[in-house]
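Please read them with the structure open.

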Amino acid sequence: MSKTRFSISRRHFLLGGAAVGGSYLLPGLANTVWAAGSDAPEKSTVKVGFIPLTDCAPVVMAAVKGFDKKYGLTLQPSKEASWAAVRDKLTSGELDASHALYSMIYGLQLGVAGPQHDMANLLTLNNNGQAITLANQLKTRQVTDAEGLKKLIDGSAKGTYTFAHTFPTSTHAMWLYYWLANAGINPFEDVRTVVVPPPQMVMNMKIGNMSGFCVGEPWNQRAIADDIGFTVATSQKIWPDHPEKILATRSQWVAENPHTARALTAAVLEAARWIDASDENRRETAKTLADRAWINTKPEMLEGRMLGQYQNGLGQQWQDPHAMRFFRDGEVSFPWLSDGMWFLTQLKRWGMLKADPDYLAVAKKINRIDLYRQAASAVGGISVPGSALRSSTLFDGKVWDGSNPAAYAASFAVHH
């Protein structure tokens, strides 16, 4: 993929960089060193929500390692109980920004994840690192893969088996639905689905409330450690290097606090780069996140899968080439328009959108590539792609590149 390094003038920053389609090369823009004064953040303290998951790492480490101070901010991470709480506090302004589900933010923009709000995605926080866990009771019935699950469900009354995800328009709902549908299981007709906050997944499986769930780490690893479940599929098996969490805020907040938005993006971006710089940094991050203030678990619940060291609870172990990544030379962090558009195709596929939206226009409105470029320039040494679309092949062989989203959304045999 061709990459071009960008520098953004302060004038372009003040204009907001509204045009984000077409060519992303803006000639004639000079390097600007951001400093105090007129370029200083409008807000000195920024409250950023997070859910206790491994992929909140860039937000937490930006505060813990002092990257926020470098850009004139004090970042206050705020632990939240559920994604619904994140949605409500983000849209009400109680939170300035948040670690957020990619497709939740798109759902809010279109009014299908709650009351409509114009939203903004400042950068992608991570790729990969989620999983689908099945309860050990299924293992005792020789169900260890999607095909076995399909046979079990076919031999039972509809709705007998319950599966949990984290929010109606969550990334986890999309991974779960995609995986079930690929096996010929309709997630809206053949099984029952419920919403459970991530920290409550393991306990709910333990007491028998569900046969499976899709969630982020460390809760899949925790199910194995507690001997109540096993990993039947990782999300990166479904889509290698898929988009996952984002740093989200309201569009109005960006308009009111453009310098703060740029500084916040830069601080979190630099933290993401630091985490991915070495396994030593990943171990330090795992140890930090395990603390009671953040995830409140043992470091070993986090460290293995952060390092790509997987075992599935069925006796298999592997080094995953597509484990959770936070930066990967900027490939992770860039807010690809095609990533956002993919989630829209799935919202359409599953009937949450009644008609095809203007896929590209929605993605351009939410994904603030203009701010990302400014932040990348402020951090320095970060390459920005020359195109905002990328091509990916999912595990069913379908290629997604954003070129014809309506046709892609209509191409699935199993839909709702």
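Predicted model: local features only at pLDDT ≥ 70, side-chain atom pairs only at ≥ 80, totals over all residues.

1. Length of helix 16. Helix 16 covers residues 337–349, 13 residues in total. At 1.5 Å a residue it should span 18 Å. Its end C-alpha atoms lie 19 Å apart, which agrees.

2. Burial of helix 16. Of its 13 residues, 12 are buried, so helix 16 is largely enclosed by the rest of the structure. The buried set includes Trp-342 and Phe-343. Charged side chains are in it too: Asp-339 and Arg-349 are both buried.

3. Which elements lie over its buried residues? The cover includes helix 5 (102–109), helix 8 (171–182), helix 17 (359–366), helix 18 (369–379) and helix 19 (405–409). Strand 16 (399–400) also takes part. Just after helix 16, Gly-351 has a positive phi of about 80°.

4. Cysteines. How many disulfides does the structure hold? The count is 0. Cys-56 is in no disulfide, and its nearest cysteine sulfur, that of Cys-214, is 17 Å away. Cys-214 is likewise in no disulfide, with the sulfur of Cys-56 as its nearest, 17 Å off. A pair would have to lie within 2.5 Å to count. Cys-56 has 0% relative accessibility, so it counts as buried. Cys-214 is also at 0% and therefore counts as buried.

5. Second largest pocket. Its volume is about 170 Å³. Which element supplies the largest share of the lining? Strand 10 does, with 4 residues. Strand 10 (229–234) and helix 11 (235–238) each supply at least two lining residues. Among the lining residues are Thr-144, Thr-231, Lys-237, Asn-312, Trp-318 and Asp-320. By class, the lining divides into 4 nonpolar, 6 polar and 2 charged residues.

6. A search of the whole structure finds 1 cavity of 30 Å³ or more. The largest cavity holds about 50 Å³ of space. Helix 15 (residues 299–306) gives the most to its lining, with 4 residues. The lining includes Met-301, Leu-302, Arg-305 and Met-306. Thr-54, Gly-129, Glu-217, Tyr-310 and Met-324 line the largest cavity as well. The classes here are 5 nonpolar, 2 polar and 2 charged.

Technical notes. Residues numbered from 1 in each chain as written. Heavy atoms only, no water. Expected span 1.5 Å × (residues − 1). Buried < 20%, exposed > 50% of the residue type's maximum accessible area, 1.4 Å probe, protein only. Contact = heavy atoms within 4.5 Å. 1 Å grid on protein atoms, 1.4 Å probe; cavity = no way out; pocket = protein on both sides within 12 Å on 5 of 7 lines; lining within 4 Å. Points joined across faces, edges and corners; volume = space filled by probe spheres on them.
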